[in-house]
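Good morning, and thank you for coming. I would ask you to keep the sequence and the structure in view while I speak.

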Amino acid sequence: MSITKKVMVALAITGSLVSASAFADTVKIGMNVPLTGFAAADGKSALLGAELAVEQANAEGGINGTEIELVHYDDQASPKQSVPIANKLIGQDEVMVGISGSYSGATRAASGIFQSEGVPYISAFAVHPDITKSGDYVFRTSFVGEVQGRAGAKLIGEMLGKKRVVVITLKNDFGQSLAAGFKAKAADFGINIVNEYEYSIKDRQFGPIVSKVKSDKPDAIYASGYFFTAGPLVSQLRAGGIDVPVIGQEGYDSEKFIEIAGPSSDGVLITTSLDRDSTVPEAKEFISAFEVKAGYKADMVAASGHTAAKVAIAAMRKAGTTDRQAIRDAIAATNMVASTGTISFNGLGEVKKDVQVQVVKDGAWHHYAVIDDQKLLTPPVE
Amino acid sequence: MLYVELLAQGLVQGSIYALVAVGLTLVYGLLRILHVAHAGLFTLGGYIGVLVTNATGSLLLALVVSMLVVGLLGMAIYRLCYQPILDKPPYVALIASIGLFIAMEEIYRIAFGPYGISYQNPPLQDVVYIFGITLRLGEVAVGVGTLVLIGALALFSTKTRFGTVWRATVTDPKMAESFGVDIIKVRYLNFFIGSALAAVAGVMVALLNNLVEPTMGSVPSYKALAIIVLGGLGDVRGTLIAALALGVIEAYGTIYLGNYLDRDAIAFAFLILVLMVRPQGLLGRA
C-alpha cells in the first residue's frame, strides 16, 4: 500500500468516525402532528408546545449534556400518514421516544407500530380508549374521553344542580367517548337526559338543532365539540334565545372559541386540563413562556404537547441511556408536575390527574372549580 | 311552530347552496367542466368579507369588494387554468380543478393561518321575530339577499340583449357561435357572475358562523355537485329548486334522522332517491 493510499484510508476512517459522532450529537424525540388539513390549528399549538419543552430542556443542558432534537412530520390527522411517519421516525430518524400531537385516528394507527418496535410513545391529547391498549410502550398524558364525560356529569348534576339535560354530540370518537362517559354517570347525579342530537365535524350551521332544543326546554346543555364547531354552536344557541348553561370540554379550550362565539361565550363552562389562573409555578411559567414563543395565548392542546414532551425528556434524563426499555420504565414511573397537573400513570399507561373546570368570564378563560374525585376519575385499567 | 322554524332554517341553508351552485351549473352548461375550485372561490369570498369588514366596519363595502375580487379571480381561473385545456377530455379539466381547489385551501392556510378568522364585531346578529318564529337578522339577510340577486340575474338574462345572448350560449354554445356570438366574452361574463355569487355566499356563511376557515369550501365542493346533478346539469331553474329543496330536507333530516344519518348522508340519500325516479334531474326533460 503506497503512502497516499494509506493516507486516504486513514482519512476515510477518521471521516466516518467524525460523521458517526456527529450523528450521535443529538438525541431525538419524534412527533407526528397535523400541520395541514382540518386539524392544522390544533397541530400547530401542539407542536409549539412540544418545541417549547425541548428548548427549555436544552437550555438546562439537554439530556445530561446531549442536545435534544425534536423531529416532526405532518400527519394531516390521518392514519394513512401516521403509519409511514411512525416507520420513518423509528427506522430512519432512530428516535428514542415518539409523541403524538394528533387526533385519535392517526394516533391509534401509529401506536401499534411504536409498540411492536419497542419505542415508547406518548399521546398528548388523543382520547380514544384503544390507543393505550396497543401495549406497555404506549402512554397518554391527557384524559381518556370517558373520564372527562364522567366529570361533566358531576359538574352538571351535582355542582350546578341541573337535572334536565340535552346532549349534543360531535359524531367522532372524541364526542362519542365523552357522551358515553357522561351517560354512564348521568343517573348517579340525578340527571335526566331529555334528548340527544348528533352532528358531523363538518357542520357549522346548527339552526335546526337550536329550534328543536328550544322545545326540549332543558336546564343545561352538554355539548361536545372543538372550538371551530362549538363557537358557532354556542353563538347560534344564544341567538335562538336559549340561555341555560352550556357545558363543554377540552375541545373548546382555545382563545379562538371566545373570538368566534363573542359575547355568547360568556358563562360557558368546560372540563379541561389547563387552569389559566393556576398558582402552580409550572403552569404559570408555561402560560407566559408559550405566549412569548407563539404570539398567542396558550390553549389545552399546547399545554398537552408541552406536557407530553416534558414527560419524555424527564424519563430520558432519568434513564440516562439510549436503552428504550429503560426509558419506557422511567415513563411508567413518572411522577412530575407539569402545566396540565401532576402526572402519573396507571398500569395501562393512562394518566391520573385532576380535571380543571374553566369558565369564560369577561372574554377570557378563568378558574371555576377542580374535580379531584379520584374514584370518579379512575382511568380504565384494561 | 317548530315545523315552520325548521322550514325557515332550511330555506336559509338552501339559499346559500343556491348561491354557490348557480355558478357551478353555469360553468357546466357552458363548458361541460365540473368546476370544483368554485368552492375555493366561495371560501375566498368569506375571507375578503371578514377582512374588509374588520378594516372598514362596512359589511356592504366588504360585499362589493368580495364580489369584484372573486369575480375577477374566477375569470382568471378560466383564462389560465381551463382555457388551455378545453380541447382535452373533460376529466383533465376536472383533475386540474380538484388540484387547484386543494392548492387554494393550503394557500389560505398559509396566508391567513390555520385557525380561521372571525368578525371583530359581527354585524346583523340581532334577533327578529317574524310570524312567531325567531331568526337572526343575518339569516333574514341571506334569504332576502339571495332573492334579490337571483331576481336581478333573472331580469338580466331575460330582459337585456346580452342576457339573451348569454342564455342562448349556455343552452347551445355551438349554435350561438355560428350566429356570431363572441363566445369568449360570454365565458368571461359567466365566470364573473358565478364567482361573484359564490363570494356573496362566502360572506353570508362567514356572517352566520362568525368563522372563515381554510377548509370552509370542503362541504360545498361536493354538495354543490350533488345539487347541480339534482337540478339537471346546466339548468339554472332546476338548480335553484334543488338547492332550496335540499336545504329544507336537511333541516328536517337533521332533527328526525340525525341520529341515524348525518347531514351529508341525508343529502346524498335524497340525491339517489330523486335520480332513481327522475334520472334527468328535477326539471329536466326525459
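Let me begin with helix 4 of chain A, whose buried residues pack against helix 3 (79–91), strand 3 (97–100), strand 4 (121–123), strand 5 (138–140) and helix 6 (173–186) of chain A. Please bear in mind throughout that this is a predicted model. Which residues of helix 4 of chain A are buried? They are A:Ser104, A:Ala106, A:Thr107, A:Ala110, A:Ser111, A:Ile113, A:Phe114 and A:Gln115. The helix itself runs over residues 104–117, 14 residues in all, and its first and last C-alpha atoms are 20 Å apart, close to the 20 Å expected at 1.5 Å a residue. Just beyond the end of helix 4, A:Gly118 adopts a positive phi of about 70°.

I turn now to chain A as a whole. It is divided into domain 1, made of 21–143 + 278–349, and domain 2, made of 146–272 + 357–371. Taken over C-alpha atoms, the centres of domain 1 and domain 2 of chain A are 29 Å from each other. How many residues of each domain take part in the contact? Domain 1 of chain A contributes 14 residues and domain 2 of chain A contributes 15. Together the two domains of chain A bury about 1200 Å², with carbon and sulfur atoms giving 65% of that area. On the domain 1 side, A:Val127, A:Phe143 and A:Met300 lose the most area to domain 2 of chain A, and together they account for 45% of what that side buries.

UniProt, in an unreviewed entry, lists residues 26–361 of chain A as "domain: Leucine-binding protein". In the model, that span is 44% helix and 21% strand, and its end C-alpha atoms are 44 Å apart.

Which residues does A:Ile168 contact, leaving aside its neighbours within four places in sequence? They are A:Tyr197, A:Tyr199, A:Ile209, A:Val213, A:Ile221, A:Tyr222, A:Ala223, A:Ser224 and A:Leu233.

The unreviewed UniProt entry annotates several stretches of chain B as "transmembrane region", including residues 58–78 and 224–253. In the model, residues 58–78 of chain B are 95% helix and 0% strand, with the end C-alpha atoms 30 Å apart. Residues 224–253 of chain B are 83% helix and 0% strand, and there the end C-alpha atoms are 18 Å apart.

How do the two chains meet? The size of an interface is often given as the accessible area lost when the parts come together. Chain B and chain A bury about 2800 Å² between them, and 52% of that lies on carbon and sulfur atoms. In chain B, the residues that lose the most area to chain A are B:Tyr115, B:Asn209 and B:Arg263, together 24% of what that side buries. The contact involves 34 residues of chain B and 35 residues of chain A.

I shall close with two points of backbone geometry. Most residues other than glycine have a negative phi. A:Asp362, although not a glycine, has a positive phi of about 50°. This residue is found in the loop between strand 14 (355–361) and strand 15 (364–371) of chain A. Is A:Asp362 buried or exposed? A:Asp362 is exposed, with a relative accessible area of 74%.

The second case is in chain B, where B:Leu124 has a positive phi of about 55° and is likewise not a glycine. B:Leu124 lies in the loop between helix 4 (90–112) and strand 1 (127–130) of chain B. Its relative accessibility is 31%, so B:Leu124 counts as partly exposed.

Thank you; I would welcome your comments.

How values were computed:
Residues numbered from 1 in each chain as written. Chains lettered and ligands numbered in written order. Predicted model: local features only at pLDDT ≥ 70, side-chain atom pairs only at ≥ 80, totals over all residues. Heavy atoms only, no water. Contact = heavy atoms within 4.5 Å. UniProt positions renumbered as here; feature names shortened; annotations may be inferred. Helix = DSSP H or I, 4+ residues; strand = E, 2+ residues; numbered from the N terminus. Expected span 1.5 Å × (residues − 1). Buried < 20%, exposed > 50% of the residue type's maximum accessible area, 1.4 Å probe, protein only. Buried area = accessible area lost by both parts, 1.4 Å probe. Domains from an automatic or database assignment.
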